[in-house]
Amino acid sequence: MGGPSGDDSGTATRAGFVALIGAPNAGKSTLLNALVGVKVSIVTHKVQTTRALVRGIAMQDASQIVFVDTPGIFRPKRRLERAMVDTAWGGAREADVVVLLIDAKRGIDEQAEAILDRLADVRLPKVLVLNKIDITQRETLLELAANANARAPFDQTFMVSAAKGYGLDDLMGYLAETVPPGPWLYPEDQASDLPMRMLAAEITREKLFLRLHQELPYMSTVETEAWQERKDGSVRIEQTIYVERDSQKVIVLGQGGRTIKSISQAARAEIAEAAGCPVHLFLFVKVRENWADDPERYREMGLEFPR
């Protein structure tokens, strides 16, 4: 991908990977989207929505910061969940800087404790970010910062509100100075290296969850099968929703196809906004039994297959 295209200011460039880790629903996706300025990571009220290492790219001065949004770290029960946790820790260890996000309102709960204990052994620059400072008292924040640093010493602590945008400039300034010197890893105008096809699939999967989170288990996935740019500037997209059983297919389709139609409309509007052009979206539902035990599916989602 080459180095910076057109950085002739004489300033030495920097570039590196920053891993965002934290318990489910700590606000990592919201923070990533706020820092990058583009919606690159799906945000839903259902935990564990981020499956793969979604990368968002932010430019700050002469630095390029590539964010790795790892899945929320939790106690895994099923194979897919184990893969998500393994991927999260793998992403943290391969980064240049690790950022731990803690929900200040929730404090150091059991999940945050477990992450802090493991982080103590990670020999990389570590940054603590306390989120939701707009709804947390100052004394609580100071106590929280002291407790977290006692468990795993951090190079720096930042207090932010990802939703309101408070404190993000300081955090970005620090990360820009901390990533190693070197050429940029991606073209400057590429806000996310997640191909649009994959982002489109994530958007549809988000709408599927928002509509059916009560009835549909996690064992469903969306794949973009075709992406055709047309002469009039629009894009024709075909996606397949894979479920594990016929009974789930019936739920996704809905009576008279009503459910899939509403999912399609919501997804199409958001994909069109992300792609910056009109979109024609066609959704299909297929049953693929035991796909959660198929190593190939994990590779497609950017996950390691746990043995």
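How many helices and strands does the protein have? The predicted model contains 9 helices and 9 strands, assigned as DSSP runs (H or I, at least four residues, for helices; E, at least two, for strands) and numbered from the N terminus. Residues are numbered from 1 along each chain as its sequence is written, and side-chain values use heavy atoms, with hydrogens and water left out. As the model is predicted, local features need pLDDT of at least 70 and side-chain atom pairs count only at pLDDT 80 or more, while totals for chains, interfaces and linings use all residues.

Of the 307 residues, 50% are buried (under 20% relative accessible area, 1.4 Å probe, protein chains only). Leu175 touches Val18, Ile65, Phe67, Val97 and Val99, residues up to four places away in sequence being excluded (contact: heavy atoms within 4.5 Å).

Helices α1 (residues 28–36) and α5 (residues 168–178) pack at about 75°, their axes 11 Å apart (lines fitted to C-alpha atoms over the stretch in contact; angles from 0 to 180 degrees between N-to-C directions). The two helices are therefore roughly perpendicular (65 to 115 degrees). Leu31, Ala34 and Leu35 of α1 meet Leu168, Leu171 and Met172 of α5.

Technical notes
Angles under 35 degrees count as roughly parallel, over 145 as roughly antiparallel, 65 to 115 as roughly perpendicular and the rest as oblique.
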